[in-house]
Amino acid sequence: MKDKKAFRFILIFLLSGAAFFLLTLPFHKMLAVFTLSEVRPSAVLYPFLGISFGWPAALGIMTANLICDAMNGYSAAVLIEGLIPQLIYTMVPYYMWKRLMRGEDHKHRLDSVERVLKYVLVCLVFSVLSALGVSIIIYVNFHVNPLQSAPFVLLNNFDMSVMLGCPLMVLSNQIISRRAGSDRSLTKNEIIILITALVQVLIMVNVVIVVYTMGKKVGTYDVWNTIYIIGTVLINISMLISLVCMALFGNKEILQ
């Protein structure tokens, strides 16, 4: 039994680290905005993997982030200073969700507005913590004004963790249900979440196409900043519309 638990711990540690590494390193040069921060899709993994697996995921993410930062040439001071915050970003969502979902059998299920808002709250707390952590490290090592870096980190991490996290929660719940032998169908809320995710992908594709056809040079900060600002506004509007639709039309009724 102990060997099985140890194997599962190591497997989650390795897979979490690999997922974080693959979603972080390629975006460092391409989507860099500040000295120590960039648009990171991997931000979704802190709350999602934290909620799902706890400590092995947290340690995997911490290790992968350390490797990414070392490969990007950050100093030993920056690498060491980032270790504990990385654990906090993952484990605070884990303990928050555990308390918020106390007594619930299906921790990934977002089949009601209440559950969605609980997940959004977890993402908000994670985003605030990460904004504080990153801005302090940037200020201490590079003397960049925290008011310049913190809002970007907060907005990026919040949007990524909600936008990507909600559909991931829905899909993981479906996988868990199927493995348990259930043929549970999607609720209206979950369908709204998946449709919103698809709409957001289409929004980003169209924003990229429109910005590039404006004649801007591909790959410059100017292009990415324009794409990011326009995409962020439209995606946040889509999330608000999605929440309103859930409140009006979503419920726990199962769609056959």
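This chain has ten helices and two strands, where helices (H or I, at least four residues) and strands (E, at least two) are DSSP runs, numbered from the N terminus. The model is predicted, so local features need pLDDT of at least 70 and side-chain atom pairs count only at pLDDT 80 or more, while totals for chains, interfaces and linings use all residues. Residues are numbered from 1 along each chain as its sequence is written, and side-chain values use heavy atoms, with hydrogens and water left out. Welcome to a short tour, from the whole chain down to single residues.

**The chain as a whole**

- Followed along the sequence, the elements come in the pattern α-β-β-α-α-α-α-α-α-α-α-α.
- The chain has 256 residues, and 46% of them count as buried; buried means under 20% relative accessible area, exposed means over 50%, and partly exposed lies in between (1.4 Å probe, protein chains only).
- Take the contacts between residues at least 6 apart in sequence: 75% of these join residues at least 24 apart, with contact meaning heavy atoms within 4.5 Å.
- About 13500 Å² of the chain is accessible surface, and 72% of that belongs to carbon and sulfur atoms; the areas come from the Shrake-Rupley method with a 1.4 Å probe, and for residues only the protein chains shown count as cover.

**Helix H6 and the residue after it**

- Helix H6 covers residues 113–142, which makes 30 residues.
- From its first C-alpha to its last, H6 reaches 42 Å, close to the 44 Å expected at 1.5 Å a residue; the expected span is 1.5 Å times one less than the number of residues.
- Just after H6 comes histidine 143, with a positive phi of about 55°, a positive value in a residue other than glycine.
- Histidine 143 sits in the loop between H6 and helix H7 (146–163).
- With a relative accessible area of 64%, histidine 143 is exposed.

**Helix H9 and glutamine 200**

- Helix H9 (residues 188–213) has 26 residues and reaches 37 Å between its first and last C-alpha, close to the expected 38 Å.
- The buried residues of H9 include Asn189, Glu190, Ile192, Ile193 and Thr196.
- Glutamine 200 lies in H9 and is buried, as its relative accessible area is 3%.
- Leaving aside residues up to four places away in sequence, glutamine 200 touches Met163, Ile235, Ser238 and Met239.

- Serine 52 is part of helix H2 (residues 45–53).
- A relative accessible area of 11% makes serine 52 buried.
- The side chains of serine 52 and histidine 108 are joined by a polar contact of 2.9 Å; a polar contact is a pair of N or O atoms within 3.5 Å, and within protein one must be able to donate a hydrogen and the other to accept it, with residues adjacent in sequence counting only if both atoms are side-chain atoms.
- A polar atom of the serine 52 side chain also lies 2.8 Å from the backbone oxygen of phenylalanine 48.
- Not counting residues up to four places away in sequence, serine 52 touches Lys107 and His108.

**Aromatic pairs**

- The whole structure holds six aromatic pairs: rings of Phe, Tyr and Trp (its six-membered ring) pair if their centres lie within 6.5 Å, and planes under 30 degrees apart count as stacked, over 60 as edge-to-face and the rest as tilted.
- Tyrosine 94 and tyrosine 95 have ring centres 4.9 Å apart and planes at 75°, so this pair is edge-to-face.
- Tyrosine 95 is partly exposed, with a relative accessible area of 45%.
- Tryptophan 97 and tyrosine 119 are also edge-to-face, because their planes stand at 85°, with ring centres 6.1 Å apart.
- Tryptophan 97 belongs to helix H5 (residues 83–100) and tyrosine 119 to H6, so the pair ties together parts that are 22 residues apart in sequence.
- Both partners are buried: tryptophan 97 has 2% relative accessibility, and tyrosine 119 has a relative accessible area of 0%.
- Phe20, Tyr46, Tyr89 and Phe126 form one aromatic cluster.

**Cysteines**

- The count of disulfides is zero, a disulfide being a pair of cysteine sulfur atoms within 2.5 Å.
- Cysteine 123 is in no disulfide, and the nearest cysteine sulfur, that of cysteine 166, is 6.6 Å away.
- Cysteine 123 counts as buried at 0% relative accessibility.
- Cysteine 68 is buried, with a relative accessible area of 0%.
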